[in-house]
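User: I have not seen this one before. Can you walk me through it?

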Amino acid sequence: MAGPMSRPAAGAPLVASGIIMKGVGGLYEVLLDSGQQLSCRLRGRLRRGTQTPLPGDRAELIQSGDAAVPWIIDRLSPRHSFLLRPPVANLDRIFLCFSVSQPEPDLLLLDKLLILSAVASIEPVIIWTKAELLPQPQRSLLTAPYELTGYTSFCSDVCSVPAQQLLALVKGKLIAFAGPSGVGKSTLLNCLLGAAHMETGQVSQRLQRGRHTTRHVELFPFAGGFLADTPGFSSLELPVVGLRPEECICGYPEFQQAARQCRYQDCHHLSEPDCAVKALVLQQPKLQDRYDRYVTFRKELDARPSYRQNRLI
Ligand SMILES: Nc1nc2c(ncn2[C@@H]2O[C@H](COP(=O)(O)OP(=O)(O)OP(=O)(O)O)[C@@H](O)[C@H]2O)c(=O)[nH]1
Ligand SMILES: [Mg+2]
Ligand SMILES: [Zn+2]
(Lines give C-alpha, C1' and ligand atoms only; values in the text may rest on other atoms or scores of the structure.)
(Ligands and ions follow the chains in the order given, each with its own letter.)
Protein backbone atom coordinates (compact mmCIF):
# COMPACT_ATOMS: atom_id res chain seq x y z
CA MET A 1 0.00 0.00 0.00
CA ALA A 2 1.07 3.56 -0.53
CA GLY A 3 2.09 5.81 2.36
CA PRO A 4 4.12 5.37 5.51
CA MET A 5 2.60 2.23 6.90
CA SER A 6 3.61 -1.29 5.98
CA ARG A 7 1.65 -4.44 6.64
CA PRO A 8 4.04 -6.89 8.37
CA ALA A 9 1.90 -10.01 8.08
CA ALA A 10 -1.63 -10.90 7.11
CA GLY A 11 -4.01 -10.08 9.96
CA ALA A 12 -1.39 -8.19 12.02
CA PRO A 13 -2.10 -4.54 12.87
CA LEU A 14 -0.60 -1.78 10.77
CA VAL A 15 2.77 -0.63 12.04
CA ALA A 16 4.88 2.43 11.35
CA SER A 17 8.14 3.71 12.70
CA GLY A 18 9.76 7.08 13.09
CA ILE A 19 11.48 9.50 15.42
CA ILE A 20 9.87 11.25 18.41
CA MET A 21 9.98 14.99 17.72
CA LYS A 22 8.41 16.10 20.97
CA GLY A 23 6.32 14.84 23.86
CA VAL A 24 4.06 17.11 25.87
CA GLY A 25 1.41 16.04 28.37
CA GLY A 26 1.51 12.39 27.30
CA LEU A 27 1.02 13.21 23.63
CA TYR A 28 3.95 12.49 21.33
CA GLU A 29 4.62 13.78 17.84
CA VAL A 30 6.36 11.15 15.73
CA LEU A 31 7.88 11.92 12.34
CA LEU A 32 7.67 8.85 10.13
CA ASP A 33 10.45 8.03 7.70
CA SER A 34 8.01 8.98 4.91
CA GLY A 35 7.79 12.56 6.22
CA GLN A 36 4.30 12.22 7.67
CA GLN A 37 3.90 13.35 11.29
CA LEU A 38 1.53 11.51 13.66
CA SER A 39 0.28 12.30 17.16
CA CYS A 40 0.46 9.29 19.45
CA ARG A 41 -0.07 8.18 23.00
CA LEU A 42 1.97 5.62 24.89
CA ARG A 43 1.15 1.97 25.28
CA GLY A 44 0.38 1.20 28.97
CA ARG A 45 3.35 -1.16 29.28
CA LEU A 46 5.69 1.67 28.26
CA ARG A 47 3.95 4.17 30.53
CA ARG A 48 4.66 1.95 33.52
CA GLY A 49 8.20 1.03 32.44
CA THR A 50 11.44 2.65 33.52
CA GLN A 51 12.38 4.00 30.12
CA THR A 52 10.52 7.23 29.43
CA PRO A 53 10.34 7.99 25.72
CA LEU A 54 12.34 11.07 24.83
CA PRO A 55 12.57 13.27 21.77
CA GLY A 56 15.17 11.62 19.56
CA ASP A 57 13.98 8.09 20.37
CA ARG A 58 13.10 5.84 17.47
CA ALA A 59 9.61 4.51 18.06
CA GLU A 60 7.49 1.78 16.57
CA LEU A 61 3.79 2.60 16.34
CA ILE A 62 0.69 0.47 16.12
CA GLN A 63 -2.91 1.42 15.57
CA SER A 64 -4.84 2.12 18.76
CA GLY A 65 -8.38 1.60 17.58
CA ASP A 66 -9.21 4.95 19.20
CA ALA A 67 -10.35 7.49 16.63
CA ALA A 68 -9.22 10.46 18.76
CA VAL A 69 -5.57 9.38 18.79
CA PRO A 70 -5.34 6.52 16.27
CA TRP A 71 -1.70 5.56 16.94
CA ILE A 72 0.18 4.42 20.02
CA ILE A 73 3.89 4.00 20.64
CA ASP A 74 4.40 0.28 21.03
CA ARG A 75 8.16 -0.02 21.30
CA LEU A 76 11.33 2.04 21.48
CA SER A 77 14.57 1.11 19.73
CA PRO A 78 17.76 0.89 21.82
CA ARG A 79 19.48 4.26 22.22
CA HIS A 80 23.07 4.95 21.28
CA SER A 81 23.17 7.86 23.70
CA PHE A 82 20.99 9.78 26.08
CA LEU A 83 21.14 12.74 28.40
CA LEU A 84 18.85 13.77 31.22
CA ARG A 85 19.79 17.43 30.97
CA PRO A 86 18.65 18.27 28.40
CA PRO A 87 16.41 15.20 28.01
CA VAL A 88 17.13 14.01 24.47
CA ALA A 89 17.94 10.51 23.14
CA ASN A 90 20.38 9.54 20.39
CA LEU A 91 22.30 12.81 20.27
CA ASP A 92 25.39 12.82 18.08
CA ARG A 93 26.60 16.23 19.17
CA ILE A 94 25.59 18.88 21.64
CA PHE A 95 25.99 22.61 21.14
CA LEU A 96 26.71 24.00 24.59
CA CYS A 97 25.59 27.62 24.42
CA PHE A 98 26.87 30.10 26.98
CA SER A 99 26.56 33.86 26.60
CA VAL A 100 29.69 35.88 27.32
CA SER A 101 27.37 38.28 29.20
CA GLN A 102 23.65 38.75 30.01
CA PRO A 103 23.54 36.26 31.63
CA GLU A 104 27.12 35.92 32.87
CA PRO A 105 28.58 32.57 31.80
CA ASP A 106 28.21 29.86 34.44
CA LEU A 107 31.47 27.98 33.89
CA LEU A 108 30.70 25.40 36.58
CA LEU A 109 27.64 24.43 34.56
CA LEU A 110 29.62 24.41 31.31
CA ASP A 111 32.25 22.10 32.79
CA LYS A 112 29.57 19.80 34.21
CA LEU A 113 27.97 19.55 30.78
CA LEU A 114 31.36 18.80 29.21
CA ILE A 115 31.82 15.93 31.68
CA LEU A 116 28.34 14.52 31.09
CA SER A 117 28.66 14.77 27.29
CA ALA A 118 31.99 12.94 27.38
CA VAL A 119 30.60 10.20 29.62
CA ALA A 120 27.59 9.81 27.29
CA SER A 121 29.91 9.74 24.21
CA ILE A 122 28.30 12.85 22.73
CA GLU A 123 30.69 15.31 21.12
CA PRO A 124 30.39 18.75 22.70
CA VAL A 125 30.82 21.97 20.73
CA ILE A 126 31.05 25.19 22.73
CA ILE A 127 29.24 28.25 21.37
CA TRP A 128 29.95 31.56 23.10
CA THR A 129 26.87 33.61 22.32
CA LYS A 130 26.22 37.38 22.51
CA ALA A 131 29.92 37.78 21.74
CA GLU A 132 29.46 41.47 20.92
CA LEU A 133 28.61 42.17 24.58
CA LEU A 134 32.14 41.46 25.82
CA PRO A 135 34.92 43.25 23.96
CA GLN A 136 38.45 41.93 23.59
CA PRO A 137 40.67 41.20 25.47
CA GLN A 138 38.19 40.13 28.19
CA ARG A 139 36.47 37.80 25.75
CA SER A 140 39.71 35.96 25.06
CA LEU A 141 40.37 35.63 28.77
CA LEU A 142 37.07 33.79 29.00
CA THR A 143 37.38 31.60 25.92
CA ALA A 144 41.14 30.85 25.73
CA PRO A 145 41.19 28.14 28.45
CA TYR A 146 38.59 26.23 26.45
CA GLU A 147 40.72 26.43 23.31
CA LEU A 148 43.30 24.35 25.22
CA THR A 149 40.74 21.57 25.69
CA GLY A 150 40.74 20.60 22.03
CA TYR A 151 36.95 20.93 21.91
CA THR A 152 35.58 22.87 18.95
CA SER A 153 34.37 26.32 19.99
CA PHE A 154 32.87 29.33 18.24
CA CYS A 155 31.83 32.84 19.07
CA SER A 156 28.45 33.92 17.82
CA ASP A 157 26.39 37.09 17.87
CA VAL A 158 23.25 38.25 16.12
CA CYS A 159 25.30 39.97 13.40
CA SER A 160 27.78 37.16 12.75
CA VAL A 161 26.46 33.68 13.35
CA PRO A 162 29.07 31.09 12.31
CA ALA A 163 26.43 29.48 10.08
CA GLN A 164 28.81 27.75 7.67
CA GLN A 165 30.88 26.17 10.43
CA LEU A 166 27.75 25.04 12.25
CA LEU A 167 26.20 23.69 9.07
CA ALA A 168 29.27 21.52 8.48
CA LEU A 169 28.78 20.01 11.95
CA VAL A 170 25.04 19.35 11.73
CA LYS A 171 24.65 17.56 8.38
CA GLY A 172 22.88 14.24 8.93
CA LYS A 173 23.26 14.42 12.72
CA LEU A 174 20.97 14.83 15.70
CA ILE A 175 22.17 17.84 17.63
CA ALA A 176 20.75 19.70 20.63
CA PHE A 177 21.26 23.28 21.67
CA ALA A 178 21.75 23.27 25.44
CA GLY A 179 22.63 25.78 28.12
CA PRO A 180 21.14 28.29 30.54
CA SER A 181 17.96 30.24 29.86
CA GLY A 182 18.25 33.44 27.86
CA VAL A 183 21.64 32.77 26.24
CA GLY A 184 20.17 32.72 22.72
CA LYS A 185 19.73 29.02 21.90
CA SER A 186 16.41 29.48 20.12
CA THR A 187 17.68 32.60 18.37
CA LEU A 188 20.63 30.67 16.97
CA LEU A 189 18.48 27.74 15.93
CA ASN A 190 16.05 30.12 14.28
CA CYS A 191 18.94 31.63 12.36
CA LEU A 192 20.03 28.25 11.03
CA LEU A 193 16.51 27.09 10.18
CA GLY A 194 15.67 30.44 8.65
CA ALA A 195 18.60 30.18 6.28
CA ALA A 196 17.60 26.71 5.19
CA HIS A 197 13.85 27.26 4.98
CA MET A 198 13.81 30.72 3.45
CA GLU A 199 11.61 29.73 0.55
CA THR A 200 8.75 28.48 2.73
CA GLY A 201 9.23 30.53 5.87
CA GLN A 202 7.03 27.97 7.60
CA VAL A 203 9.44 26.69 10.20
CA SER A 204 10.79 30.13 11.06
CA GLN A 205 7.21 31.25 11.50
CA ARG A 206 6.59 28.45 13.91
CA LEU A 207 9.71 29.34 15.84
CA GLN A 208 8.67 32.90 16.50
CA ARG A 209 7.78 31.84 20.02
CA GLY A 210 11.38 30.66 20.32
CA ARG A 211 12.11 34.25 21.13
CA HIS A 212 10.43 33.51 24.42
CA THR A 213 11.44 30.95 26.97
CA THR A 214 11.42 27.45 25.48
CA ARG A 215 9.26 25.08 27.52
CA HIS A 216 9.78 21.71 25.81
CA VAL A 217 12.40 19.88 23.87
CA GLU A 218 11.48 19.90 20.20
CA LEU A 219 13.27 18.47 17.19
CA PHE A 220 13.33 20.20 13.81
CA PRO A 221 14.42 18.43 10.62
CA PHE A 222 17.52 20.12 9.24
CA ALA A 223 20.24 19.27 6.71
CA GLY A 224 19.42 15.56 6.64
CA GLY A 225 19.38 15.37 10.44
CA PHE A 226 17.65 17.14 13.32
CA LEU A 227 18.23 20.14 15.51
CA ALA A 228 16.73 20.09 19.01
CA ASP A 229 15.72 23.24 20.83
CA THR A 230 15.71 22.67 24.59
CA PRO A 231 14.60 24.67 27.64
CA GLY A 232 17.37 26.46 29.51
CA PHE A 233 18.44 25.22 32.93
CA SER A 234 20.89 26.33 35.57
CA SER A 235 21.03 23.60 38.19
CA LEU A 236 22.72 20.28 37.56
CA GLU A 237 23.95 18.11 40.43
CA LEU A 238 26.62 15.65 39.37
CA PRO A 239 26.03 13.28 42.35
CA VAL A 240 22.31 13.25 41.64
CA VAL A 241 22.73 12.11 38.04
CA GLY A 242 24.93 9.29 39.31
CA LEU A 243 28.32 10.35 37.97
CA ARG A 244 31.22 8.34 39.38
CA PRO A 245 34.08 10.41 40.87
CA GLU A 246 36.68 9.00 38.49
CA GLU A 247 34.57 10.08 35.50
CA CYS A 248 35.15 13.79 36.27
CA ILE A 249 38.41 13.78 34.33
CA CYS A 250 36.52 12.82 31.12
CA GLY A 251 35.44 16.44 30.72
CA TYR A 252 39.04 17.65 30.95
CA PRO A 253 40.91 16.32 27.91
CA GLU A 254 43.72 18.81 28.50
CA PHE A 255 44.57 16.86 31.68
CA GLN A 256 44.04 13.35 30.43
CA GLN A 257 47.40 12.76 28.79
CA ALA A 258 49.27 14.06 31.84
CA ALA A 259 47.07 11.91 34.09
CA ARG A 260 48.69 8.81 32.59
CA GLN A 261 52.04 9.94 34.07
CA CYS A 262 50.80 10.26 37.68
CA ARG A 263 52.60 8.05 40.21
CA TYR A 264 49.37 6.28 41.21
CA GLN A 265 47.12 4.79 38.57
CA ASP A 266 44.05 5.76 40.58
CA CYS A 267 45.34 9.27 41.37
CA HIS A 268 42.49 11.68 42.14
CA HIS A 269 44.72 14.63 41.10
CA LEU A 270 43.99 16.36 44.39
CA SER A 271 46.79 16.02 46.95
CA GLU A 272 48.64 12.87 45.92
CA PRO A 273 52.43 13.04 45.53
CA ASP A 274 53.90 13.10 41.99
CA CYS A 275 50.63 14.07 40.36
CA ALA A 276 51.39 14.98 36.74
CA VAL A 277 48.12 16.91 36.38
CA LYS A 278 49.01 19.26 39.23
CA ALA A 279 52.52 19.65 37.76
CA LEU A 280 51.02 20.59 34.39
CA VAL A 281 48.73 23.19 35.96
CA LEU A 282 51.69 24.74 37.77
CA GLN A 283 53.47 25.11 34.44
CA GLN A 284 50.44 26.53 32.60
CA PRO A 285 48.50 29.08 34.67
CA LYS A 286 45.77 29.23 32.00
CA LEU A 287 44.70 25.77 33.15
CA GLN A 288 44.21 26.81 36.77
CA ASP A 289 40.52 27.80 36.69
CA ARG A 290 39.43 24.65 34.90
CA TYR A 291 41.54 22.60 37.35
CA ASP A 292 39.88 24.35 40.30
CA ARG A 293 36.47 23.38 38.96
CA TYR A 294 37.67 19.78 38.48
CA VAL A 295 38.72 19.77 42.15
CA THR A 296 35.30 21.07 43.23
CA PHE A 297 33.49 18.29 41.37
CA ARG A 298 35.88 15.53 42.40
CA LYS A 299 35.64 16.42 46.08
CA GLU A 300 31.87 16.72 45.90
CA LEU A 301 31.55 13.29 44.28
CA ASP A 302 34.06 11.65 46.63
CA ALA A 303 32.03 12.99 49.56
CA ARG A 304 28.60 11.83 48.38
CA PRO A 305 28.93 8.12 47.56
CA SER A 306 25.30 7.41 48.51
CA TYR A 307 24.16 8.82 45.22
CA ARG A 308 26.24 6.39 43.21
CA GLN A 309 23.46 3.83 42.99
CA ASN A 310 21.20 6.34 41.27
CA ARG A 311 22.94 6.15 37.97
CA LEU A 312 20.73 7.99 35.54
CA ILE A 313 23.23 8.64 32.77
N1 LIG B 1 22.82 41.05 22.45
C2 LIG B 1 22.46 39.87 21.96
N3 LIG B 1 21.26 39.37 22.31
C4 LIG B 1 20.92 38.17 21.82
C5 LIG B 1 21.77 37.41 20.98
N6 LIG B 1 21.16 36.24 20.69
C7 LIG B 1 19.98 36.27 21.34
N8 LIG B 1 19.82 37.41 22.01
C9 LIG B 1 18.66 37.83 22.84
O10 LIG B 1 18.67 37.07 24.04
C11 LIG B 1 17.32 36.82 24.48
C12 LIG B 1 17.10 35.35 24.76
O13 LIG B 1 17.19 34.65 23.53
P14 LIG B 1 16.54 33.20 23.33
O15 LIG B 1 16.97 32.73 21.99
O16 LIG B 1 15.11 33.18 23.63
O17 LIG B 1 17.31 32.41 24.49
P18 LIG B 1 17.20 30.87 24.87
O19 LIG B 1 18.58 30.41 25.17
O20 LIG B 1 16.47 30.13 23.83
O21 LIG B 1 16.37 30.91 26.24
P22 LIG B 1 15.42 29.77 26.87
O23 LIG B 1 14.46 29.33 25.81
O24 LIG B 1 14.74 30.45 28.03
O25 LIG B 1 16.31 28.68 27.34
C26 LIG B 1 16.42 37.39 23.38
O27 LIG B 1 15.97 38.66 23.78
C28 LIG B 1 17.33 37.50 22.18
O29 LIG B 1 16.95 38.52 21.29
C30 LIG B 1 23.03 37.99 20.63
O31 LIG B 1 23.84 37.41 19.90
N32 LIG B 1 23.32 39.21 21.14
MG1 LIG C 1 14.76 29.03 23.86
ZN1 LIG D 1 47.29 12.90 39.39
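User: Fine. Anything to know before we start?
Analyst: This is a predicted model, where local features need pLDDT of at least 70, side-chain atom pairs count only at pLDDT 80 or more, and totals for chains, interfaces and linings use all residues. Residues are numbered from 1 along each chain as its sequence is written, while chains are lettered from A and ligands numbered from 1 in the order in which they are written.

User: How many helices and strands does the chain have?
Analyst: There are nine helices and 13 strands. Both are DSSP runs numbered from the N terminus, helices being H or I with at least four residues and strands E with at least two.

User: And how much of it is buried?
Analyst: Of the 313 residues, 35% count as buried. A residue is buried if 20 or more other C-beta atoms lie within 10 Å of its own, exposed if 12 or fewer, and partly exposed in between, with C-beta atoms placed from the backbone.

User: What share of the contacts is between residues 24 or more positions apart?
Analyst: Such pairs make up 68% of the contacts with a separation of 6 or more. Contact here means C-beta atoms, placed from the backbone, within 7 Å.

User: Now the sheets. Which strands make the barrel?
Analyst: Five strands close into it, in the order β1-β2-β3-β5-β4, with mixed pairing. From one strand to the next, the twist averages 55°. Two strands pair if DSSP finds at least two bridges between them.

User: What order do the strands of the open sheet have?
Analyst: Its six strands go β10-β9-β8-β11-β13-β12, and the pairing is mixed. β10 (152-155) and β12 stand at the edges with a single partner strand each, so one side of each has no neighbour in the sheet. On average, neighbouring strands here are turned by 20° against each other, direction ignored.

User: Which helix packs on that sheet?
Analyst: α2 does, touching β8, β9 and β11 (174-178), and its direction makes about 175° with that of β8. Axes are lines fitted to C-alpha atoms, for helices over the stretch in contact, and angles run from 0 to 180 degrees between N-to-C directions.

User: How do β8 and β9 pair?
Analyst: Strand β8 (residues 93-99) and strand β9 (residues 123-129) are parallel, with seven bridges. Cys97 has Ile127 of β9 as its bridge partner.

User: Which residues of the largest nonpolar core touch the most other members?
Analyst: Of its 72 residues, they are Phe95, Leu96, Cys97, Ile175, Ala176, Leu227 and Ala228. Helix α2 (residues 107-119) gives the most to this core, with six residues. A nonpolar core is a set of buried Ala, Val, Leu, Ile, Met, Phe, Trp, Tyr and Cys residues joined through C-beta atoms within 7 Å.

User: Which residues come nearest to ligand 1?
Analyst: Of the 18 around it, Gly184, Ser186, Thr187, Thr214 and Gly232 do. A residue is near if its C-beta atom, placed from the backbone, lies within 6 Å. Helix α5 (residues 185-196) gives the most to this shell, with three residues.

User: Last topic. Where does Cys248 lie?
Analyst: Cys248 lies in the loop between β13 (225-229) and α7 (253-259). Cys248 counts as buried because 28 other C-beta atoms lie within 10 Å. Leu116 is 132 residues away in sequence but 8.6 Å away in space, C-alpha to C-alpha.

User: And Leu243?
Analyst: Leu243 lies in the loop between β13 and α7, and is buried because it has 25 C-beta neighbours inside 10 Å.

Definitions and conventions
Two residues are in contact if their C-beta atoms, placed from the backbone, lie within 7 Å.
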